[in-house]
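I'm opening my notebook on a structure that is new to me. I'll jot down what I look up as I go.

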Amino acid sequence: MDNVVDLDEVAAVVAGRTAGWRSAGLEVGQVTWRDAEASWPQFLETDRARVQDPDSLGVVIISGPGDAELSAVLFRGGWADVDFIAGLDDAGSLPASGIASAADFAARMDGWVARVFQVCGGAR
């Protein structure tokens, strides 16, 4: 898999937004990493130091009262699996391909957070 997106830079983006998301009332899970070099089945790690060759990074954000949830897993090849539940009749996957950089992911993540939780994506 080509390294299109630097996942360490993306982790910094997520870390930089976490306080804002939390101040908006959202719960942010730990960032998870998957190691391309690990044998199958590849387990998710929360400690970056345990991952030699990261090929994906994931984060889950939820809200308490509304039970909304956003799950985003970015792959270093430039695409993400983005699933959400915003309400009983509002759930699914969001388009997430052609991600070219950490800044591109940040902008998209801001949009996904706004879509799912109706708060400022960066919640700054």
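Is Arg108 buried, partly exposed or exposed? I looked it up: Arg108 has a relative accessibility of 23%, so it counts as partly exposed. One thing to keep in mind from here on is that I'm working with a predicted model.

**Entry: the partner of Arg108**

I found Arg108 in a salt bridge with Asp104, with 2.9 Å between the closest N and O atoms.

What does Arg115 touch, leaving out residues up to four places away in sequence? I got Phe84, Ala86 and Asp90.

The contact with Asp90 turned out to be a salt bridge, at 2.5 Å from N to O. Asp90 belongs to strand E7 (residues 90-94) and Arg115 to H2, so this pair ties together parts that are 25 residues apart in sequence. Asp90 is partly exposed, at 26% relative accessible area. I also checked Leu94 against Arg115: they are 21 residues apart in sequence, and their C-alpha atoms are 9.9 Å apart.

**Entry: a salt bridge between loops**

How many salt bridges are there by the rule used here? The count is 7. One I looked up joins the side chains of Arg76 and Asp53, 2.6 Å from N to O. This pair links distant parts of the chain, 23 residues apart: Arg76 is in the loop between strands E5 (69-75) and E6 (79-87), while Asp53 is in the loop between E3 (44-45) and E4. I then compared how covered the two are. Arg76 counts as buried, at 8% relative accessibility, whereas Asp53 is partly exposed, at 22%.

**Entry: Ser56**

I moved on to strand E4 (residues 54-63), where Ser56 sits. Its relative accessibility is 3%, so Ser56 counts as buried. Leaving out residues up to four places away in sequence, I listed what Ser56 touches: Leu7, Thr32, Trp33, Arg34, Val73, Leu74 and Phe75.

**Entry: helix H1**

H1 has 17 residues (7-23), which at 1.5 Å a residue should span 24 Å, and its end C-alpha atoms are 25 Å apart, so the two agree. I still noted a bend of about 35° in H1 at Arg17.

Last, I looked at the two ends. At the start of H1, a side-chain oxygen of Asp6 comes within 2.8 Å of the backbone nitrogen of Asp8. Just after H1, Gly25 has a positive phi of about 90°.

Conventions: Residues numbered from 1 in each chain as written. Predicted model: local features only at pLDDT ≥ 70, side-chain atom pairs only at ≥ 80, totals over all residues. Heavy atoms only, no water. Contact = heavy atoms within 4.5 Å. Helix = DSSP H or I, 4+ residues; strand = E, 2+ residues; numbered from the N terminus. Buried < 20%, exposed > 50% of the residue type's maximum accessible area, 1.4 Å probe, protein only. Salt bridge = Lys/Arg side-chain N within 4 Å of Asp/Glu carboxyl O. Expected span 1.5 Å × (residues − 1). Bend = angle between axes of the 7 residues up to and from the residue. Polar contact = N/O pair within 3.5 Å; in protein donor to acceptor, adjacent residues only side chain to side chain.
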